[in-house]
Every structure is written in C-alpha cells, then in structure tokens.
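My entries follow the display.

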Amino acid sequence: MGQDKLLEIEDLAIYYITDDVGTCKAVNHVDLTLERGETLGLVGETGAGKTTIARGILRLVMEPPGKYISGSIKFHGEDLLKKSVKEMQKIRGAKISMIFQDPMTALNPTDPVGEQIAEVLFYQKNLTKAESKKQAEAMMEMVGIPKERYGEYPHQFSGGMKQRIVIAIALACNPELLIADEPTTALDVTIQAQVLDMMRKLKKELGTAMLLITHDLGVVAEMCEKVAIIYAGEVVEMGRIEHIYDETMHPYTIGLFGSLPSVAGTEDRLKPIDGLMPDPADLPPGCKFAPRCPNRCPDCETQQIPLREVAPGHWVRCIHLGEV
C-alpha cells in the first residue's frame, strides 16, 4: 500500500438479511481508494448503496440485520473490519468523521449546540471542560457562527446554521477523513453554495480528505478530484473528474448527464433514464443496469461484467466499451 493511500476498500460486500424481505444486497464487491487530502465523490440514485458504503467504513451498519459479507476497509493500512468496538470508538470523530444526511435530525434538540461540539472534544481529545468549551467556541467561529450563540439550542437555528454546527462537530478533532453524506440536500440553493464554499475552505486549511456522497453532479464538479458512479451497490464507472465529465463511457453515467438541464437551455425536454433501480433483494443475474440500458444484448443479461481500466485511472463496467 502506497504512502499516500489513506483509505483502501477492497471487495467490500454488505448485505441486509431479514426474515420478511430476504437478503438485500446493498453493497456488492466495491473497490475504492482515497489518498491524503483528496476528495472522492460517490454519485448515484437514491438506493444505490452510497450511504451503506459510508456507514460501513465507520462500522455503523447495524448487525443484524446488516452483515459484512466480504472485503476489507484499510485505513492507514489497518483493516477497520478487524477492529474491536472500543478501537472503533477511538477512531470515530477523532480520525474519521461523518456529516450525516439531515442536519434537522443530526443534532440533539435538548442540548445547547456549543455543548454538542465540546462533547466530541472532551471525549476524543481528553480535554478539560473549560478547554473543550474554548475550542468549541473557536470551531463555531470557524464555521461562521458567533461564539456568543454557544448556549443556544438547535431550534433557534436555521437549516443552514444547523448544517454549519454539524460540520463543526465533524471537524472538531481535525479528522484525517471526513465523510459527507449529502451535506446540502436539505438546504436551499444559496445556503448550499455557502456551505460548500465553507467546506472547501476548511478542507484546504485542515488538509482533510473527503468522501462526498451526493446525487448532484454540479456539486461533484465543484468539490471533487475523483468520482465513482454507484449503481445497485456496484461501481460502474470511476476515474478522475475529467474522465467522468469529458470521457463519459458507461451508459448509466451518460444517462445521468443526459437527464441534467443545460445552462444554454437548448433542449426541449430532458432525457430521463427509463425504468427504476432494481430491487436489491432481487438483482439481475448479469449487468445490474441491463434492464434499463439502451445498448443491452443477451450477454449483458447473463454475464457478470468486471471493471476494466480503459485508460490510466479510468475504470468502466460495461461489455460494450467503445460502442456506447
């Protein structure tokens, strides 16, 4: 493993096994690599498995019904799947932090926001309560909230302000890896831009690597160096930002871009991708995208399609490479 590799996920499979639904194959043999200070975007429709990958890294998949079927998640070369619960508690928040999807529900409504930031510092950095409060106030100022609001409660803040508090909690211990699960979904467009600008600035100042989960290709273009397109729990295309945006190859990625409005506004109608994401409890035997793909052939519906490197650093999972 190279010196710059911070996170290396190999052959990760996570299933949810239930009596009523059966086995839901949420993540299917995923390989991802993240280097120090780098931002990797995970892009895909709702239900693609992006959040399960993120929660899997932090070992937050509830077992049962969740089950790690195969693979490894190496952080600094050490497999997180082999860590004990106590060892993971020391890593969460201190070395790997996560911004959860909805800022409205991520905060405890009964505790002042400043104390929620200070709590992370108190437990993870072993600071005194006074030191924790001082650093928490500094974090509030860093994310653009006056320290005088330390004792106020979540209901006294707007959605954008709540998200800033959540980001302050995530970055309080200066983690090496920040996992951001759709950090701007619940925010209006103006506040989205402010939060993204703040995250980019803090990432640069603190040197934090980031795994950004989103379905917004505009956010990815603004924030990421590398992109992995996720479909039905698999990586279908992966590469640097220029590979995904300028040399798009997988039919699903092409479909995602085709469904976006153009700035020039030249289209009469957008082109949605036909059909729906497959049921994870009943995935197609071959290519998972085949039932929705305009280029499918009989082999697509029966063969397992491997990821192929079509150019240095650009990987695609398609049987028709060069034809799409």
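Entry 1. I began with strand S3 and found five of its five residues buried, so S3 is largely enclosed by the rest of the structure. I took buried as under 20% relative accessible area, exposed as over 50% and partly exposed as in between, with a 1.4 Å probe and protein chains only. Helices (H or I, at least four residues) and strands (E, at least two) are DSSP runs numbered from the N terminus.

Entry 2. I noted the model as predicted, with pLDDT of at least 70 needed for local features and 80 or more for side-chain atom pairs, while totals for chains, interfaces and linings use all residues. Residues are numbered from 1 along each chain as its sequence is written, and side-chain values use heavy atoms, without hydrogens and water.

Entry 3. I checked both faces of S3: Thr39, Gly41 and Val43 are buried on one side, Leu40 and Leu42 on the other. In a regular strand the side chains alternate between the two faces of the sheet.

Entry 4. I then looked up the partners of S3, where pairing requires at least two DSSP bridges between two strands. S3 runs parallel to strand S8 (residues 209-214), joined by five bridges, and Leu40 stands opposite Leu211 in S8. With S9, S3 pairs in the parallel sense over four bridges, and Val43 stands opposite Ile229.

Entry 5. I turned to helix H1 (residues 50-57), which is largely enclosed by the rest of the structure because six of its eight residues are buried. The buried residues are Lys50, Thr52, Ile53, Ala54, Gly56 and Ile57. Just after H1, I found Arg59 with a positive phi of about 60 degrees.
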